[in-house]
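Biologist: Could you walk me through this one? I'd like to start with how helices cross.

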2 protein chains.
Amino acid sequence: MKSQKGVSILDVAREANVSSATVSRVVNNINKVKPEVRQKVLDAIDALGYSPNHAARALVKQKTNCIGIIVNNLHDPFFHDLIKGFEMSAQQTKYAVMFCSVLGGDVASKEKYVKYLTNGVVDAVILYGSYLSDESVINYLKEIRNVDYVMIEDDVPFLACNKLLIDNLGGARQAVKYLIGKGHRDIAHICGNPNKKVTKERLDGYVDAMEKAGLEVKEQYVQCTSTDYRSGYACMNALLDLEQPPTAVFCSDDAIASFAIRAALDRGFRIPEDISVMGFDNQTILPDHYRGPEITSVSQPLYNIGMDSVRILSERLNSSEEMEPVRITYQTEIVEKESVGVCRRE
Amino acid sequence: MKSQKGVSILDVAREANVSSATVSRVVNNINKVKPEVRQKVLDAIDALGYSPNHAARALVKQKTNCIGIIVNNLHDPFFHDLIKGFEMSAQQTKYAVMFCSVLGGDVASKEKYVKYLTNGVVDAVILYGSYLSDESVINYLKEIRNVDYVMIEDDVPFLACNKLLIDNLGGARQAVKYLIGKGHRDIAHICGNPNKKVTKERLDGYVDAMEKAGLEVKEQYVQCTSTDYRSGYACMNALLDLEQPPTAVFCSDDAIASFAIRAALDRGFRIPEDISVMGFDNQTILPDHYRGPEITSVSQPLYNIGMDSVRILSERLNSSEEMEPVRITYQTEIVEKESVGVCRRE
DNA sequence: TTTTATATTGTAAACGTTTGCATATTCATA
DNA sequence: TATGAATATGCAAACGTTTACAATATAAAA
């Protein structure tokens with residue numbers, strides 16, 4: 001199958017006429033070794049092409065110097081900024097950072113990766129997203145005490161771990177307020193899969209902001225997509241079919257917004273002159289079919305969250321004392337682009 | 001730092017009143033164990049929450065059941081399809097598949113990952129792209145015989161490993177022939193960073209197809225970008241400034257094409273009525289600034305390449321006999337979209 | 001019932017490191 | 001030169017598994 005090289009520390013020791021302990025000290029830069037001996041060892045290492053075996057090290061030191069990240073659908077452009085954040089702080093840490101991707105909702109491979117990683121493969125795991133709120137996985141994680149972990153964007157109440165959360169409620173409120181500020185009163189909401197926590201929170205934010213502003217939340221102004229964001233198209237059509245269509249539509253996310261805008265454009269509406277559309281996520285990359293205006297959106301600091309999660313774990317792994325889990329809620333920010341205009345209805 | 005659970009196979013053995021060997025046999029499904037004993041062990045495992053330590057296993061078995069993938073800039077939308085391919089076949093293999101990302105041209109972290117992975121962390125590595133043609137890395141890889149690996153899109157001649165290549169030359173020829181087929185004669189080329197092999201090959205393909213068709217390759221019709229694909233904008237402007245501008249432009253890749261198109265549009269040209277533009281890569285995701293037509297392009301089967309690379313390594317790792325490295329060249333395919341039209345020049 | 005073959009279990013070595021402790025070497029000091 | 005302190009090195013146990021091999025229990029055959 002493969003021709004093992006199999007140069008071990010003992011081979012080096014023999015070659016250099018020292019003990020394996022000395023070699024180990026040279027390799028690990030423990031400076032209790034005489035310069036000429038160190039050189040002899042270094043030469044032997046070079047001559048034999050030795051490099052220390054990871055598994056053996058991990059076994060004796062009980063750590064791997066590796067951090068694992070689990071997301072679903074790593075290929076999703078949504079992760080663009082998050083990955084950039086991970087990459088950036090990976091560069092700055094001594095830990096090797098590795099990504100695992102779970103396709104779609106595949107529970108089996110999700111469990112496979114969670115169990116695999118948390119079992120001595122890495123020192124810490126970063127989990128993105130509510131797709132992980134599976135009973136089985138959560139129960140498993142509760143038991144895990146041999147790795148540190150960070151959950152991003154998912155707040156499982158009874159799980160005592162580091163949590164980096166996004167203020168979805170606040171973000172949705174911001175969005176609606178912004179639309180109101182542009183003079184809109186008839187504001188609809190296209191809501192993503194309502195079983196997902198994120199989506200639910202954004203819906204709540206919409207409702208809350210409307211009520212606080214004394215605006216009625218008309219039932220037919222809230223359209224829910226199926227699990228697929230493509231149905232944003234159908235939702236927008238439903239809104240435009242109303243006798244009094246909204247003048248602005250706030251969508252759960254930009255992917256939905258892109259399809260909603262497409263629907264409006266296909267019916268001859270102009271964006272934002274005839275109808276304003278607002279998204280969430282500030283996703284800078286959209287499917288290539290998209291030809292609408294750039295989407296005014298609520299931006300989450302994914303880049304920072306990616307950076308922070310690696311940094312936080314790094315710090316915790318290096319600290320000698322037990323640390324309380326952190327819990328950070330990140331605020332969102334409106335990014336004004338082209339898809340929202342001033343309300344023209346009287 | 002962290003409260004170790006530390007349940008070992010010995011704890012289970014004690015709890016179940018058997019030897020560690022028996023526990024091991026149960027865990028690994030070696031069916032030489034009596035049903036009632038098996039159950040006793042299973043109960044003990046459950047009671048103690050045992051799961052086998054990865055490092056210890058890896059150490060004794062000399063394998064990790066893991067495949068590592070190294071790419072630069074994992075966040076780059078270019079990798080969309082490739083990642084999808086990896087994900088898909090990851091799902092189908094028993095191997096855990098993990099991604100490592102190297103930011104930009106950071107040689108230090110590139111080396112870090114290559115050395116880290118090839119040293120008992122994984123059983124096999126997949127390397128994407130010519131960014132790895134660093135002397136130091138290549139020399140290192142030559143020495144490595146304890147992992148299998150696949151190189152995608154980079155053919156280092158004296159490196160005997162599995163290679164999955166793309167016929168860039170042929171793809172470029174296809175593209176130019178296609179443009180000629182549309183009646184174009186004045187065909188320019190915007191060439192990416194000419195130090196990169198890929199780009200060089202595509203340039204060669206362009207020249208070759210032009211010559212074979214008896215068309216002159218005018219020097220000013222070949223524009224090279226700097227290292228940044230954004231300079232496709234400037235290149236297009238240079239072409240449009242010529243007294244006889246081309247009627248069609250073939251670009252090294254879609255990212256460049258998107259900027260070239262932008263430049264043409266900004267000067268009031270219509271695509272494809274006034275000038276045709278063709279790309280390479282069939283990148284379905286483009287930066288959100290892009291508002292041009294969908295780009296007619298040469299598509300590489302990245303999804304298949306992703307799938308194949310994992311599959312090939314899986315097979316090789318499981319085979320007991322030594323296998324010759326494979327070398328596959330993938331053919332490209334024209335994807336007709338909106339950016340190329342029939343030539344209107346007399 | 002005894003013998004033999006077979007199925008099940010246990011013992012202990014090995015995997016390749018690190019590291020506490022013991023020993024050996026060096027060096028400065030008296 | 002002898003002494004002690006400081007420095008450098010080696011020995012061997014430990015990390016948690018797997019797996020040949022040995023030992024035992026069980027079943028089948030005589």
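Modeller: A crossing counts as left-handed if the near helix is turned anticlockwise from the far one by less than a right angle, and as right-handed if clockwise. This is a predicted model, in which local features need pLDDT of at least 70 and side-chain atom pairs count only at pLDDT 80 or more, while totals for chains, interfaces and linings use all residues. Residues are numbered from 1 along each chain as its sequence is written, and chains are lettered from A and ligands numbered from 1 in the order in which they are written.

Biologist: So which hand is the crossing of H10(B) and H11(B)?

Modeller: The crossing of H10(B) and H11(B) is right-handed; helices are DSSP runs of H or I with at least four residues, and strands runs of E with at least two, numbered from the N terminus.

Biologist: And at what angle do the axes of H10 and H11 of chain B cross?

Modeller: Roughly 50 degrees, with the axes of H10 (residues 232-241) and H11 (residues 254-266) of chain B coming within 7 Å. Axes are lines fitted to C-alpha atoms, for helices over the stretch in contact, and angles run from 0 to 180 degrees between N-to-C directions. H10(B) and H11(B) are therefore oblique to each other, since under 35 degrees counts as roughly parallel, over 145 as roughly antiparallel, 65 to 115 as roughly perpendicular and the rest as oblique.

Biologist: Switching topic, how many residues of chain B are in contact with chain A?

Modeller: 50 residues of chain B are in contact with 50 of chain A, contact meaning C-beta atoms, placed from the backbone, within 7 Å.

Biologist: Which element gives the largest share of chain B's side?

Modeller: H6(B), with seven residues.

Terms used: Two residues are in contact if their C-beta atoms, placed from the backbone, lie within 7 Å.
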